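Hi there,

Here is the structure I promised to pass on to you. Have a look at it first, and my notes follow below.

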Amino acid sequence: MKGNKFRILGIAIIVAILAVAYQAYSTSVEEDFNNISRTETYRMGDHYTGQYHRPGCPKLKQTYGGGKRFESATAAELEGYAACKRCDAAGPDEPAK
Ligand SMILES: [Zn+2]
């Protein structure tokens with residue numbers, strides 16, 4: 001049963017490679033979220049999800065039709081948009097350096 005042993009080893013190696021690749025992918029996505037700029041005061045609304053984001057939010061890349069620009073988080077809230085939690089769209093802005 002030597003062949004079976006090698007097959008299991010092969011599968012184990014493939015699973016290990018996939019696990020490492022997935023880890024690297026999710027870490028890079030997490031870094032994108034951690035590095036969102038907070039200096040912009042305007043927000044972008046996503047018609048499709050009903051959420052608004054900071055302009056640098058990675059989730060905004062999935063927006064259909066480019067999104068709608070709001071001059072502030074409050075303006076987006078008034079139109080019924082919900083704040084994205086990943087980019088803390090409702091949070092305070094930081095002064096530009
Ligand atoms: Zn967002």
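To start with one detail, Gln-51 has Ala-82 in E4 as its bridge partner. Gln-51 belongs to strand E2 (residues 51-53), which runs parallel to E4 and pairs with it over two bridges; strands count as paired if DSSP finds at least two bridges between them.

Before going on, two notes on the model. Residues are numbered from 1 along each chain as its sequence is written. The model is predicted, so local features need pLDDT of at least 70 and side-chain atom pairs count only at pLDDT 80 or more, while totals for chains, interfaces and linings use all residues.

The sheet itself is open and mixed, with four strands in the order E3-E1-E2-E4. Strands E3 (68-70) and E4 (82-83) are at the edges with a single partner strand each, so one side of each has no neighbour in the sheet.

Overall, the protein chain has two helices and four strands (DSSP runs numbered from the N terminus: H or I of at least four residues for helices, E of at least two for strands). Along the sequence they follow the pattern α-β-β-β-α-β. The radius of gyration is 21 Å, well over the 13 Å of the globule rule for 97 residues, so the protein chain is more spread out than a compact globule (taken over C-alpha atoms; the rule is 2.2 Å times the number of residues to the power 0.38).

Lastly, an automatic or database assignment gives domain 1 (1-35) and domain 2 (37-97). Their centres, taken over C-alpha atoms, are 34 Å apart.

Best wishes
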